[in-house]
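Student: I would like to learn how to read a model like this one, step by step. Could we begin with the overall picture and then move on to single residues?

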Amino acid sequence: MNYLVGAFKPPCNIFISFADGRSRKQVPLKKENGKTVMVALFQSQESIVGEVVIEPVHRKKVEHNGVKIELLGQIELYFDRGNFYDFTSLVRELDIPGELYERKTYPFEFSTVEMPYESYNGVNVRLRYILKVTISRNYVGNIVEYQEFVVRNYTPPPSINNSIKWLLLLLVLQYNYMYSLFEHVSQAELGSFLYSPSQADDPMEVGIEDCLHIEFEYSKSKHHLKDVIIGKIYFLLVRIKLKNMDLEIRRRESTGSGPNTYVETETLAKFELMDGAPVRGWFKDSCNPGPAHGDSGESIPIRLFLSPYELTPTYQNINNKFSVKYYLNLVLVDEEDRRYFKQQEITMYRLLETS
């Protein structure tokens, strides 16, 4: 029985190591089986240098048709699992055809490697970099060993980083509720009670005329992964019984193209801005498009730290295979659990860490 088990084991062991493996930074990488391992971290234009050690089991002879090492950058779409799209492929021949009787070491080097995309492990797509060692053999299967590593590319702070200020339209999701609030107003006239989009230079405003008027401002539109989102919410007019207000960070991953496009949205963080009504005595039982009253002038500061969350940079059309975008999603809920919301895209980038 032990003989049968041993017959399916490879006749040699392969070990792949980096020349600066002890000093190079290690980062966690989640494998397909759910386990997390520590692997070496690189960035584009670095040289990848190391050695491959092949050790025959029990010093038995291993015949081969050559030994090679490949550096591969691959994208795998999970709806097409098992098919890898190579966007980077470099090969180094380590040995000519022959025989191995004892442990042998092969140095290798890939100089100034162009690795334009970052490693990414998403819901429907994976982008990875691997070293692949292959011992070619004639009448039996090749012996293959993989060593994965992570690539992260850094971006300097943007020279222009405008604040997010704009005027928006807030729609009540349940239109029957809106009509009940404006029973004395015709459907054609109902549009006059909603704010329409204005110039991008204006503050972001959420408004139902004479019912709810709120302005939102964020200090900038581009954030690095350890940044802090700073902003302010101004309550100009509130006549809806608000129960709470949350700010969410959402990641939207889109893969494929055309009819084969798949979109997955994850809520990565949820930050409570307000629990309960902003100020007592602001509200009436229903919205009444009469003379303005209930003006508050109150404000709520926003300060959301991004460092606790597992974020990546924004990826735009990576090798025509996938994109990753981030959004700030503001959600207001009234006492009858009706939701008012606004979603705004933000740009994420990776800033070089100083420590």
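Student: How do I judge how much confidence the predictor has in the chain?

Tutor: The average pLDDT here is 80, and 78% of the residues reach at least 70. Residues 1–5, however, stay under 50, and the model gives them zero contacts beyond four places in sequence. Residues 166–202 are also below 50, although this stretch has 71 contacts in the model beyond near neighbours in sequence. Where pLDDT is low, the predicted coordinates should not be read in detail.

Student: Which residues have the most contacts inside the largest nonpolar core?

Tutor: That core has 68 residues, and those with the most contacts inside it are Ile48, Val52, Leu131, Phe149 and Ile233. Taking Ile233 as the case, and setting aside residues up to four places away in sequence, its contacts include Phe216, Met245, Leu273, Ile300 and Leu330. Another core, of five residues, lies apart from the largest one, and Leu29, Val39, Leu41 and Val150 are among its members.

Student: Is Arg126 buried or exposed, and why?

Tutor: Compare its relative accessibility with the cut-off: Arg126 counts as buried because its value is 9%, and buried means under 20%. Arg126 lies in strand E11, which covers residues 125–135, and its side chain is joined to that of Glu76 by a polar contact of 2.7 Å. Beyond its neighbours within four places in sequence, Arg126 also touches other residues, including Glu32, Gln74, Tyr78 and Phe84.

Student: And where does Asn320 lie?

Tutor: Asn320 is in the loop between strand E21 (315–318) and strand E22 (322–334). Asn320 is exposed, because its relative accessible area is 58%, and exposed means over 50%. The side chains of Asn320 and Asn317 are joined by a polar contact of 3.0 Å. Asn320 and Ser257 are 63 residues apart along the chain, yet 8.2 Å separates their C-alpha atoms.

Terms used. Residues are numbered from 1 along each chain as its sequence is written. Side-chain values use heavy atoms; hydrogens and water are left out. pLDDT is the predictor's confidence in each residue, from 0 to 100. Contact means heavy atoms within 4.5 Å. Helices (H or I, at least four residues) and strands (E, at least two) are DSSP runs, numbered from the N terminus. Buried means under 20% relative accessible area, exposed over 50%, partly exposed in between (1.4 Å probe, protein chains only). A polar contact is a pair of N or O atoms within 3.5 Å; within protein, one must be able to donate a hydrogen and the other to accept it, and residues adjacent in sequence count only if both atoms are side-chain atoms. A nonpolar core is a set of buried Ala, Val, Leu, Ile, Met, Phe, Trp, Tyr and Cys residues joined through side-chain atoms within 4.5 Å.
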